[in-house]
Amino acid sequence: MVLFRGIKYLPSLARAMLGRLQCAQVCTAVANKMSRAEDPKPIVCEKEAALVVFDKDGTLISLDDTWIIFWEETVNRLSVELGLDVRGAMSRFVGFDTTTHRICQGPLAEQTMVQLRSTVVQGLQSEIGLTPEQAERAMRATWQDHLSNKTPIIAQGNLPQIFCRLKAHGIKVAIFTADTRHNTEMAVMSLGLCGLFDAMSCCDDADSEDKPSPRGLLNLCRRLAVPPHQAAMVGDSQVDLSAARNAGLALAIGVLSGAGDREELKSGDAIVKDVSAATELVMAAFAGVEPINSLQLTVAGIQRLACSPVAVKDQMHSMSIPCAELSGNSNSIKTQVI
Ligand SMILES: O=C(O)COP(=O)(O)O
């Protein structure tokens, strides 16, 4: 029976087919055909695996604490190099509000290191008036891709507990970030998340494409053998939600703990306070666990969920979404439409 303790032991094609059949009888027949195992115990089909993919900055960790330090160090070095205070103009250009001391939606919040470097080169020309050669020279002398060891990495919640909880419910966990693998590994280590997630996709991976390309998400789904319609993305910016849409994921959940505000995140299916609330929604959708707090779903989200795969739709039914097609049987969960 060892052979058929789970369908994960079957060849991947058969596994993919079996996942779709979802019928214990057929599974038994197919499995018995492929096996010479003597034990006649019936095979219980595993539920199709689910996956939640988290963005890093602004979602898992504080955007401001980490990237304000990075940016201030960068722009200070540039000012010293040029003998000119470029902090105000360049901060505005990359989306750092020096008055409120907050990172807004924009290049600093969203771009990869490679993109951000060329944005800064561009800004030194358009905002400061340097020639392309002067801008490039100043960047060569000052730019650093890596976060310094002193950079604070502040978790947005009890991440080890959240990850363990998801995994205990059979939900796979991955990280999809526009940051480099070096910086991401540094963060993972400092957050105590080593060994608690299944995969990550970073901007400098050989097969990566910048968000909102779906490439990173589709690669993760493929590597973890989870169909996109059984996966959710949790992120703090528009590009995270667009990447989820482009990849055909079941859920795109915006968190308000990072760069994006309600307006900027309204293209998602739901907007929640932070990663803990997002986890509640994921658990409700994929593991049938009732959320503790009320959830805010966008109109687009409700429409999408109405025609989403059965697993997600059924959970939404039981969450009493106030919508004709979705009016459910339980009134225990408060769901607000935004
Ligand atoms: O590194 C960045 O600028 C953004 O990273 P994120 O994709 O994890 O938000």
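In the predicted model, an oxygen atom of the ligand lies 2.7 Å from an N or O atom in the side chain of D55, a polar contact being a pair of N or O atoms within 3.5 Å. An oxygen atom of the ligand is likewise placed 2.6 Å from an N or O atom in the side chain of T177, and for the side chain of K211 the corresponding distance is 2.8 Å. Of the 280 Å² of accessible area that the ligand has on its own, the protein covers 96% (Shrake-Rupley method, 1.4 Å probe). This is a predicted model, in which local features need pLDDT of at least 70 and side-chain atom pairs count only at pLDDT 80 or more, whereas totals for chains, interfaces and linings use all residues. Residues are numbered from 1 along each chain as its sequence is written, and side-chain values use heavy atoms, with hydrogens and water left out.

The shell around the ligand consists of D55, K56, D57, W67, L108, A109, Q111, T177, A178, D179 and K211, a residue being near a molecule if one of its heavy atoms lies within 4 Å of it. These residues divide into four nonpolar, two polar and five charged (Asp, Glu, Lys and Arg count as charged; Ala, Val, Leu, Ile, Met, Phe, Trp, Tyr, Cys and Pro as nonpolar; the others, Gly among them, as polar). At least three residues of the shell come from each of domain 1 (2-61 + 154-332) and domain 2 (63-142), with bounds taken from an automatic or database domain assignment.

With regard to the backbone, K211 is joined to P212 by a cis peptide bond with omega of about 10 degrees.

Conventions. Polar contact = N/O pair within 3.5 Å; in protein donor to acceptor, adjacent residues only side chain to side chain.
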